[in-house]
Amino acid sequence: MVSLDRKRRAHVPRVLGAALAAVASLYPSQAPGEGFGPFPVRNFNPLQQLVLNMPGDRAAVLTPGTLDVRLELAETAAVFSEFSPNNSSDQIKFETLRNGLYLRYGVTSRLEVGLEVPMLYRYTAFMGGMIEAVERATTGLSPARQALSQVSYAYNVTRNGQQIVNGTNGALGLGDSMLQVKYQLFNETSVMPALSLRTAVKLPTGRESEYFGSGSPDFGLGLAVEKALGSRWILHGNLNGVVPTGRIAGLPLYPTLMGIAAAEYLWSENLSLTLQFDYYTTPFRHVGLEVFDKGASEIVAGFGYRFAGHWLWQGY
């Protein structure tokens, strides 16, 4: 899904398209719900994602005694092809299937704890044809995709003539896990928004040799804010800072920032539509290759639909 010159997210596009088409033919109900919060996005750059990513979250905490179980499925495609004057290069073309289990529990009326455990599978791309069709119809085929048109799989990075990354096709394993604590500082009022403090620790459970983890813990601190406007609009914001430790591919790591701004429209009690902007800085400095040095920004659009009492489906 992540390329520094292209970003794509493919969450069952046919079903999503059909769902949005059906929504467009309906009228809003007269009983709006409480909303479902921003999308739990993260930086899917294949090397930058090895540093702690605190997913998008709302400011409100779970009610005491509530257990929330989230299953996430993301199929992402990465394509890079670079050659720099200092004898550094990268050839990256593969897809990653990320399955995440995220558990959250309401401890008190203000305190919530969470645990995320991801499983990663890296393999030859299958979304290439669809992505190429979109690129040809819009901005034209990206240079990286064009350069690797005859390559089915590649994950090689060299720096100063030395190979620093060589990932295996078909690799499967755990990624780095995350522990998170959220404390709600202020409840929402008619004037003031809800505000929560978030902290997170990344645990090095992923295989460092297959670039499923960094091999070192990271530490994060952030704020989440939300405010209802009228009966149907909710604004969400996140600002997170992360201090990584250790190295990735032998390269030093630096603190990162991540920000989210989202507007959620409550179409009905069970359906909301959200438009969201995300920004991520990179944990690397002056490597000489964009896959390391360039941060990422993206626009996300999608829906949240509660199709049964305690079941929520999000597509974006």
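Residues are numbered from 1 along each chain as its sequence is written, and side-chain values use heavy atoms, with hydrogens and water left out. Because the model is predicted, local features need pLDDT of at least 70 and side-chain atom pairs count only at pLDDT 80 or more, whereas totals for chains, interfaces and linings use all residues.

The structure contains 14 salt bridges (a side-chain nitrogen of Lys or Arg within 4 Å of a carboxyl oxygen of Asp or Glu). One of them joins aspartate 68 to arginine 104, with 3.5 Å between the closest N and O atoms. These partners are 36 residues apart, aspartate 68 in strand S1 (residues 67-84) and arginine 104 in strand S2 (residues 88-106); strands are DSSP runs of E, at least two residues, numbered from the N terminus. Aspartate 68 is partly exposed at 22% relative accessibility, while arginine 104, at 11%, is buried (buried is under 20% relative accessible area, exposed over 50%, partly exposed in between, with a 1.4 Å probe and protein chains only). Both residues also belong to a salt-bridge network that includes Asp57, Glu112 and Lys182.

Turning to strand S3 (residues 111-123), glutamate 116 pairs with arginine 98 of strand S2, 18 residues away.

Aspartate 176 sits in the loop between strands S6 (172-174) and S7 (177-186) and lysine 202 in strand S8 (residues 194-203), so the pair ties together parts 26 residues apart in sequence. Aspartate 176 and lysine 202 are both buried.

Methods. Helices (H or I, at least four residues) and strands (E, at least two) are DSSP runs, numbered from the N terminus.
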